[in-house]
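User: Please take a close look at one part of this model for me. I would like a connected account of how that part is built and what it touches.

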Amino acid sequence: MQQGFLSKNPSVPVFLGILAAFTLLITLTAEGTGTGAVSATFVKVLGRTLCLALIAVAMDLVWGYTGILSLGHFAFFGLGGYMIGMWLMYQRTRDIVVASLADTPIPATETEINDAIGNQIFGVVGSSEFPAIWVFADSLPIQLALVVLVPGVLALVFGWLAFRARVTGVYLSILTQAMTLALALYLFQNESGLRGNNGLSGLQNIPGLEAVPPATVTMWFFWASALALGLGYLLAAWIVSGKFGSVIRGIRDNEARVRFLGYSVEAYKLTVFTLTACIAGVAGALYYPQAGIVNPAEIAPIASIYLAVWVAIGGRGRLYGAVIGAVVVSMLSTWFTGGRAPDINLGFYTIKWVDWWQVALGLSFVLVTLFAPKGIGGLVDIFTDRRKAGVAGEAGK
Amino acid sequence: MKRILLAFWAVLLWTGLAYAQTGPLQTILQENRDLIEKSSRQTIQPAINAIADSGVPGAADLLVTWEARQMYLRDSDGLFFRGVEEADRNTRLFDLDTGEDMGVYERGAVDQIRPNSGVQGLINAALVRFRLSDPDPKARIAALQSLERRPDAESLELLRDSIPGDPDPAIKARKERLERLLTITYDPDESARIAAIEEMSSEVAVDVRAALNPLVATQTRVFEGAVPADLNVARMLEPGSDALSREAAYEMLVAAGNAPARITPADVKAALGEHVDGGLVGGVPVHSLITDEARYGAYAALVRGGLVPPFLTDDDVERTLAAYTFAEIYSDPSPAITDAAGDALEKIELKVGLYTFVDLVLDALSLTSIYFLAAIGLAVTFGVMGVINMAHGEFIMMGAYTGYVIQQIIPDHTISILVALPVAFVVTFLAGVLLERLVIRWLYDRPLETLLATFGVSIALQQLAKNIFGTQARPLTAPAWLDGAVTFNDVVSISSIRVAIFVLAAIFFALVLLVMKRTRLGLETRAVTQNPRMAASMGIDPNRVNMLTFGLGSGIAGVAGVAIGLFAQVTSELGQAYIVQSFMTVVVGGVGNIWGTLAGAAMIGSLQKGIEFFNPANTLAAQTYMIVFIIIFIQFRPRGIIALRGRAAGD
């Protein structure tokens with residue numbers, strides 16, 4: 001089985017090899033562990049990009065392979081971030097509060113500590129009570145489980161409702177977008193219990209690791225992100241290579257025919273939808289501690305559409321395409337909107353990339369959709385097809 | 001009484017005229033010179049009355065001058081003048097009766113009459129009456145307004161006196177209404193007040209409620225033993241009931257000084273902190289005081305040592321409370337009045353509730369027309385043609401910016417809006433045609449890719465708008481005649497702009513329906529949508545029809561943009577705010593049907609307003625719940641409210 005799985009997916013060893021080499025290279029040159037040629041800030045950017053690549057793999061699984069254009073996966077990503085963020089924020093605030101109460105003549109009771117933490121965290125939204133959803137915030141294992149469970153359950157319920165009603169195609173896309181919008185609007189309220197539009201902040205400070213230099217913590221997150229991407233890629237490749245993979249590709253190409261063949265289309269879709277939501281949650285939980293803050297704006301529908309953009313530009317229906325798309329587009333976006341790209345002086349008008357990058361991205365997206373539906377990943381085909389053709393030609397001699 | 005007074009002053013007037021060649025006002029002032037110079041609130045009233053009741057034409061002006069501290073006394077002969085301060089603190093004097101310029105006087109030669117605020121108040125009260133019967137209707141209205149803002153007991157009689165002689169029926173009616181309101185609050189006669197209360201209970205106006213509410217205001221008070229019989233009791237309160245918790249009742253006693261304060265956990269902590277002794281408090285090590293029980297234990301030890309006041313047990317509190325009676329007392333002593341006011345308020349509340357509902361329906365209607373306007377273009381491109389155009393919102397934005405640019409060129413707001421509507425249509429029509437020709441027509445068989453490609457167009461257009469117009473909101477100003485509101489009463493009102501949008505939405509509904517059902521283009525569009533090949537065989541050019549239909553839908557979006565820009569902020573993100581709602585509207589209503597879009601907009605609009613009504617502080621929550629509701633709604637009617645049947649429904 002293992003043999004067949006890998007031989008069906010020649011991209012897997014290549015991809016894992018590249019990822020491992022890349023990780024090693026960064027490790028050797030990074031500020032935290034190596035020569036210091038690569039700054040900790042840039043390692044953070046790279047770590048975040050790996051997380052984005054992971055959610056792009058999930059998106060490819062649900063869209064490129066199963067044909068469900070979900071415009072809601074970034075919401076799952078954000079939820080994952082919120083779940084880990086709750087523990088990070090609670091625990092760190094607790095450490096600070098306990099330290100500040102240490103000098104008082106009478107030691108603080110548990111209730112007083114909790115009240116003080118509540119004041120610290122929720123004072124910004126005019127409250128001091130812990131909402132019910134924070135009940136497990138003091139427990140890292142439970143919050144880690146929730147990183148997977150909350151997006152998973154939300155996807156399960158939403159998917160069950162949507163697929164059961166046979167909402168397909170663009171209608172499903174719009175419905176997932178509505179779900180994302182509803183979630184974002186809900187989180188924007190101060191009453192949501194997650195600090196409204198302030199979001200959860202200070203997530204880059206990992207409680208208990210104050211003694212470790214920040215550059216080293218950055219490396220840990222980088223490694224964790226690389227590991228998660230590698231495992232996620234492996235899992236996705238394994239899923240799409242077996243019979244399950246054939247069925248979901250069948251659903252993508254002709255849903256009615258697969259249904260008539262006796263497969264429970266809804267169950268397959270629901271499985272993929274839920275599983276990818278869980279992967280998205282994990283990616284988010286790794287991403288936001290590296291970003292430092294998670295707020296409802298991250299979840300806004302536009303983010304999920306950008307996710308679709310990455311996958312489309314990278315090339316749908318091929319897992320490495322999703323990775324390429326996410327890495328290339330997000331890195332380019334960072335570079336162009338960061339103000340470091342050189343402006344183009346046309347004499348009568350200077351094109352500032354900060355202003356025009358979005359326009360270029362939008363238009364290039366139209367062009368890719370029209371003229372290169374296979375995306376950047378399609379370039380690989382040119383290479384491998386030629387080799388295959390060459391092999392076939394030699395065999396023919 | 002009054003007649004006698006008048007006669008008295010008439011006589012004085014005559015004698016005054018007899019002994020001096022001064023004007024009548026000067027005469028009156030001279031009669032009361034002592035009082036005016038003394039200028040005390042207790043004694044000044046006769047002087048004011050003398051002027052006010054004199055009937056001399058300039059009396060009111062004299063009072064105004066006096067009140068404004070512009071009256072001066074000339075030291076040389078003791079005559080009064082109106083004075084205007086000039087440079088180097090000299091004063092120019094004018095004769096009060098004739099207005100004749102008497103020349104400039106030095107500081108020492110004149111005395112300014114300076115009525116204090118008490119006297120000023122009395123003068124003002126006298127002035128209200130003057131103005132209430134002033135021949136100038138504007139002055140009467142001004143007096144009424146000031147009385148409406150600051151009602152007072154003295155004005156009631158004056159108001160009543162002025163009513164019969166008022167020639168203007170509208171002002172007269174207003175006076176009569178104000179008289180009723182003042183009667184409720186100030187009339188000494190109880191039955192007159194009750195009659196007024198009952199009369200006014202048919203109105204829902206805010207001022208009526210403002211007059212009635214103080215009558216039923218209560219105060220929670222505590223009594224030792226029974227409540228005194230002369231108090232007007234609203235209800236008795238039992239400590240421990242919903243209206244008055246035991247804690248709150250006890251707090252009242254503490255505040256009144258009738259009971260010792262309870263020891264709170266904070267008190268305990270403070271007391272423990274004060275009695276730390278070598279790491280021990282009451283024999284308990286400090287570091288072990290991390291639970292409430294441990295702290296109470298240590299505190300109990302301190303109590304035993306007599307260092308701190310003891311805890312109050314629940315029994316102590318209970319016993320203390322039992323000795324007192326708690327009751328809500330009306331501030332108005334008359335039960336008949338408070339009962340009548342309570343009944344009237346109840347009646348009014350019922351009516352207010354009804355009108356609030358009417359107002360809510362109007363709100364919902366207006367939101368419906370906004371959603372409809374935003375979605376109707378989409379109903380054509382998405383609903384009829386089946387094209388997912390994510391750039392639809394950007395067409396709305398484009399229309400709004402077109403309106404803004406037109407307003408920069410044509411300053412007159414009415415004309416510019418009238419010009420902007422067709423221009424926005426043309427601009428977005430062309431943009432739509434361009435988009436269809438360049439992008440969408442290659443993707444008719446791949447709807448998901450249309451979604452992505454048009455999304456690319458959407459972000460490009462948004463950024464383009466940002467580059468051209470900047471990030472700050474641009475104003476699109478409505479013409480002045482749309483500024484006001486259509487007001488039915490104090491509860492029901494709707495801003496004119498919303499009425500205009502409603503009318504616009506209705507016009508567009510009719511127009512689109514007409515185009516789709518009654519024109520060649522509409523027929524061809526429907527034919528091409530249902531079966532492009534068959535339509536082509538019949539001699540219809542599907543390319544041309546698709547292009548025109550898409551242009552039509554986009555053009556309508558542009559016009560909607562102008563309308564939306566009138567009340568929303570015109571930014572590059574304007575379209576974003578409407579795109580998801582618009583798609584929901586079309587999907588919920590039923591794809592392919594203009595009536596369905598109307599139904600969808602009506603449902604979403606009224607639902608959102610309905611939810612907002614129950615939680616008015618939180619429109620975000622309303623939107624969240626609405627979307628959740630729509631997701632559930634799609635479960636039961638996946639094809640929307642008005643679903644197409646048969647072949648027209650397509651796949």
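Analyst: In chain B, the C-alpha centres of domain 1 and domain 4 lie 69 Å apart. This is a predicted model. Chain B is divided into four stretches: domain 1 covers 2–121, domain 2 covers 133–216, domain 3 covers 218–335 and domain 4 covers 353–582.

Now to a single residue. Val233(B) belongs to strand E7 of chain B, residues 233–237. Beyond its neighbours within four places in sequence, Val233(B) contacts Val227(B), Ala327(B) and Ile329(B). Pro333(B) sits 100 residues away from Val233(B) along the chain, yet 8.8 Å separates their C-alpha atoms.

Next, a helix pair between the chains. Two packed helices are described by the angle and the distance between their axes. The crossing is left-handed.

Which residues make the contact? From H7(A) come Leu175(A), Ala178(A), Met179(A), Leu181(A), Ala182(A), Leu185(A), Tyr186(A) and Phe188(A). H26(B) supplies Leu620(B), Gln623(B), Thr624(B), Ile627(B), Val628(B), Ile630(B), Ile631(B) and Ile634(B). By type, the contact of H7(A) with H26(B) has 14 nonpolar residues, 2 polar and no charged.

How values were computed. Residues are numbered from 1 along each chain as its sequence is written. Chains are lettered from A and ligands numbered from 1 in the order in which they are written. This is a predicted model: local features need pLDDT of at least 70, side-chain atom pairs count only at pLDDT 80 or more; totals for chains, interfaces and linings use all residues. Domain bounds come from an automatic or database domain assignment. Helices (H or I, at least four residues) and strands (E, at least two) are DSSP runs, numbered from the N terminus. Two residues are in contact if their C-beta atoms, placed from the backbone, lie within 7 Å. A crossing is left-handed if the near helix is turned anticlockwise from the far one by less than a right angle, and right-handed if clockwise. Ala, Val, Leu, Ile, Met, Phe, Trp, Tyr, Cys and Pro count as nonpolar, Asp, Glu, Lys and Arg as charged, and the others, Gly among them, as polar.
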